[in-house]
Each structure stands twice: as C-alpha cells, then as structure tokens.
Amino acid sequence: MKPLRFLTVATALAALVFVTSCSSQRGLGRHSSDGGTTSQTSGRGLSKKSKTANADAGQTTPEQTAPGQAAANKSAELKPVEFLQHVTDNFQHARFITSKVKFSVEMGARQMTLTGNLKMKRDDVIRLQLMAFGFVEAARLEFTPEYALIIDRINKQYLKVPYKQLDFFRNSGIDFFVLQALFWNELFQPGKQKLTDKLLKGYEATPGVDDDVIISMDNDKMSYRWLADRETARVKMANIMYNDRYRGNYQLNWDYVDFKRNGRKMFPMTHKVKFNVPEKEVKFEMVFNYMGADDNWETRTELSGKYRQVEIDEILRRFMSL
C-alpha cells in the first residue's frame with residue numbers, strides 16, 4: 001500500500017480538525033429570510049412554519065385526518081427543557097471507548113479506505129491510528145485538552161500545536177471538548193467542559209419531521225444544530241456552521257447511524273462526516289468493529305529525536321494541493 005495514501009488520509013483528517021468550525025448555506029439548519037429556522041437535513045427537514053401553514057390558513061387537506069391531527073398534537077406537546085434533559089441522559093457512562101475502525105475518505109474523485117484504531121479516554125484524549133497491512137502504524141492523530149498532535153510515521157514528521165494557535169478554534173470557541181462531544185455523540189457548548197441544566201436553557205428544541213427534533217444554538221457568526229430522535233432522544237446529526245463573507249462559507253456535518261448497546265447506553269457504530277471549505281469538500285466515514293473499553297495503553301505519545309516538527313501552514317498547503 002503506497003505511503004502517499006496514508007499521508008493523504010492523515011492530512012485530510014488533520015485539515016478536518018483544523019476547520020471544525022465550518023459551515024455553508026447547506027446543512028441541518030439555516031436562517032430563513034423572515035427570521036425563522038428551516039431544516040435541510042437529507043430531505044427530512046421541514047420548517048415548523050411549513051408544517052402549520054395550512055392550519056393557520058384555515059384550509060382542510062386530505063392529510064388532516066385523525067392520525068394527522070394526532071401528529072399535530074404530538075408536535076404541540078413537545079417540552080423543550082424535558083427533551084433536552086433526556087438527550088443529556090443518553091450521554092455515555094463509559095470512561096474508555098476503544099475499537100478497531102475502518103476509515104473511508106473521499107476527496108473529489110479520490111476514494112480511499114484504510115483500517116486503524118480509535119482510542120478515547122473521557123476528558124483526556126482522542127487517538128486515531130492509521131495502519132499499514134493491518135498491523136504497522138503509518139500515521140497518528142492525537143487530541144488532548146491542551147494540543148493537537150499529528151504524526152507522519154513514514155517520513156518521521158509531526159505537528160504539535162495548542163488549539164489557541166488555530167484561528168478557527170480560537171475565534172469560535174471550538175476546543176478538545178467539542179471534538180470529544182462529536183466523537184462521543186453528545187451535545188456540546190463551545191468553551192464549556194460539561195453541560196449543566198443552566199447551560200441547557202441556551203438551547204432551543206423545535207419539532208422537525210418524521211418524529212425528529214431540531215436542537216439549535218447560535219453565537220455570533222456561529223450556528224450549531226443537532227437532529228435528535230424524538231422517541232429515543234438520541235442525537236442523529238450534528239451540524240456546525242460558520243459564515244465568513246471575506247474567506248467564504250464553511251460547514252461541518254456529522255451523521256450518526258447503526259446504534260448498538262455500550263453498557264447501559266447506545267452508541268453509533270458508524271460516523272459519517274462531511275466538511276466544506278471554499279472550493280473543497282471532504283467526506284470521512286468511520287465504522288467501528290466493536291465496542292471496547294481497553295484502559296491498558298499510554299494516553300500520551302512520546303516521540304524520539306528522529307522526528308522533525310513541521311508547521312501548520314505545511315499541513316494545510318498539502319491538504320489544499322490534494
């Protein structure tokens with residue numbers, strides 16, 4: 001397997017992390033011209049205004065039968081605070097999550113599939129390892145509360161940088177705990193390590209379609225949206241949007257599917273990630289092989305003097321040239 005494949009995947013994943021405050025006009029939600037919020041999720045989203053338009057106009061349609069009326073009543077009965085508490089009740093109790101993982105990356109016409117390992121320790125570290133031939137590590141991405149570390153084992157190079165030196169992280173409040181929430185299938189609030197009942201008051205929860213609920217929060221140029229299943233209160237999608245009229249629009253969309261039991265909680269075994277920067281789109285899929293809780297591993301990577309440190313610009317230039 002060619003070394004370039006590992007470098008391409010590692011660079012793409014590194015760039016994905018560096019722009020996780022991204023957004024565009026597409027996504028889970030956007031602001032409509034009349035100030036409302038509409039949902040655009042894979043054809044499933046429907047604005048609350050659209051769902052009630054006929055009723056407000058006093059019109060009767062074939063859909064307004066008893067089942068239709070029951071669905072309308074169900075929407076009206078949504079209690080946002082209670083629902084948000086149910087969502088947070090689904091947060092994982094596990095301290096460690098580990099698994100062998102299959103990674104798929106798509107950039108334009110390029111499609112690559114690799115195997116690797118994912119090791120996570122709550123509030124401490126997220127580690128992705130890309131493997132050659134199933135047993136030789138070719139690249140590593142490691143995220144701690146203090147820094148991001150990207151290692152190119154093939155060329156003996158690495159990048160280690162505090163989050164505050166990354167423009168998007170610094171300007172948007174994105175940090176390790178936001179990344180952790182995305183990997184762990186949880187709600188988050190930038191700049192906060194944990195969600196409290198007080199912080200939950202800053203979120204809105206409105207009925208979507210197909211028994212989905214749209215959870216939203218806005219902060220200056222940033223817009224955060226989640227799609228949750230109304231019955232189970234599980235997060236099915238996270239969307240982070242950023243609109244910069246000078247640099248262009250950015251978006252990150254993170255889908256969760258194939259939920260399996262992990263202890264007393266459910267966890268998505270497949271994560272589908274898509275992010276857009278101006279004139280670039282990367283799709284990344286991560287499929288778990290199993291749910292493990294291995295705690296017998298070092299949570300910090302130490303490198304020998306054989307490795308050369310590179311700069312952020314070099315990683316980003318390599319990504320933009322892919």
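**Close-up views of a predicted model**

View 1. F133 is exposed, its relative accessible area being 58%. The model shown here and in the other views is predicted. F133 lies in the loop that links β5 (125-132) to β6 (136-143). Together with F135 and V136, F133 makes up a nonpolar patch on the surface. The accessible area of F133, F135 and V136 together is about 360 Å².

**View 2. The largest nonpolar core.** This core consists of 70 residues. The residues with the most contacts inside it are L118, L182, F183, L187, I215, W226 and M286. Helix α6 (residues 176-184) contributes the most to this core, namely eight residues.

View 3. A separate core has five residues, among them Y147, I151, Y158 and Y307.

**View 4. Hairpin of β9 and β10.** Strand β9 (residues 204-207) and strand β10 form a hairpin, with four residues between the two strands. D210, in the turn, has a positive phi of about 55°. The pairing of β9 with β10 (residues 212-219) is antiparallel and runs over four bridges. S216 in β10 is the bridge partner of E204.

**View 5. Side chains along β9.** The side chains of this strand (residues 204-207) alternate between two faces. A205 and P207 point to one face and are buried.

How values were computed
Residues numbered from 1 in each chain as written. Predicted model: local features only at pLDDT ≥ 70, side-chain atom pairs only at ≥ 80, totals over all residues. Heavy atoms only, no water. Patch = residues over 30% accessible without salt bridge, like charges linked within 9 Å, V, L, I, M, F, W, Y side chains within 5 Å. Areas by Shrake-Rupley, 256 points an atom, 1.4 Å probe, with all protein chains shown as cover. Salt bridge = Lys/Arg side-chain N within 4 Å of Asp/Glu carboxyl O. Buried < 20%, exposed > 50% of the residue type's maximum accessible area, 1.4 Å probe, protein only. Core = buried A, V, L, I, M, F, W, Y, C linked by side-chain atoms within 4.5 Å. Pairing = 2+ DSSP bridges.
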